[in-house]
Amino acid sequence: MREEHRSVALKTRVGLEMIGIPAGELLEMDLRLEAVSEGVLVSGTIDGTATGECVRCLEDFEEPVEVSITELFAYPGSATSETTDEDEIYRIEDELIDLEPVVTDTIGLSLPLQPVCDEDCPGLCSECGVPLAIADSGHSHAILDPRWAALADKFPAAERPEA
Ligand SMILES: [Zn+2]
Ligand SMILES: [Zn+2]
């Protein structure tokens, strides 16, 4: 059994369309490598920081990501390797373990399809598109009857009701 701590800079972006960990971000990996009869069992956690775009208010935000992995890498020639397909179980190739597909898949599955900057994000005002989180608490629009609107145009701007 061996423990490994690695900080790895991502070569390519990992994630989904609206949220992902950008290339160049560091992934912190705390891993246990255990020799078992059929191969090496890799388990542990991977931490990083995702950047997303909120589907409600369209603001960019950052969010910590932590995923756990447990994956067997089979020895070449082992019974497991002989009796499973390539895409069922990972293999040790040239005495190396390639964690990239595991990390990419696990992080992709852990991220939300509809990311929000905050569970309570109120989104945008449907009238003017201003983010409601930064608008005044009483933000609203007086909808003028078109007949009154024509009349309001005849008054100086200062006397018109606040829009
Ligand atoms: Zn938002
Ligand atoms: Zn508004």
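How many of the 163 residues of the chain count as buried? The share is 29%, where buried means under 20% relative accessible area, exposed over 50%, and partly exposed in between (1.4 Å probe, protein chains only).

This is a predicted model, in which local features need pLDDT of at least 70 and side-chain atom pairs count only at pLDDT 80 or more, while totals for chains, interfaces and linings use all residues. Residues are numbered from 1 along each chain as its sequence is written, chains are lettered from A and ligands numbered from 1 in the order in which they are written, and side-chain values use heavy atoms, with hydrogens and water left out.

**View 1. The chain holds 3 helices and 7 strands.** Starting at the N terminus, the order is β-β-β-β-β-β-α-β-α-α. Helices (H or I, at least four residues) and strands (E, at least two) are DSSP runs, numbered from the N terminus.

**View 2. Strand β4 pairs with both β1 and β5.** Strands β1 (residues 2–9) and β4 (residues 26–36) run antiparallel, with 8 bridges between them; two strands pair if DSSP finds at least two bridges between them. Look for S7 opposite E28 in β4. On to β5 (residues 39–53): β4 and β5 are antiparallel too, over 9 bridges, and L31 has G44 in β5 as its bridge partner. The hairpin from β4 to β5 goes through 2 residues.

**View 3. R2, E4 and R6 are linked in a network of salt bridges.** A salt bridge here is a side-chain nitrogen of Lys or Arg within 4 Å of a carboxyl oxygen of Asp or Glu. E4 meets R2 at 2.9 Å, N to O, and meets R6 at 3.2 Å. E4 counts as buried at 18% relative accessibility, whereas R6 is partly exposed at 47%.

**View 4. R32 forms a salt bridge with E34.** Their closest N and O atoms are 3.5 Å apart. Both ends are partly exposed: R32 has a relative accessible area of 35%, and E34 comes in at 24%. The whole structure has 3 salt bridges.

**View 5. C125, C128, H139 and H141 coordinate the zinc ion (ligand 2).** The cysteines use SG and the histidines NE2, at 2.0 to 2.3 Å; donors are N, O and S atoms within 2.8 Å of the metal (3.2 Å for Na, K and Ca), and water is not among the atoms, so sites may look incomplete. In sequence the spacing reads C-x2-C-x10-H-x1-H. C125 is buried at 10% relative accessible area, but C128 is partly exposed at 42%.
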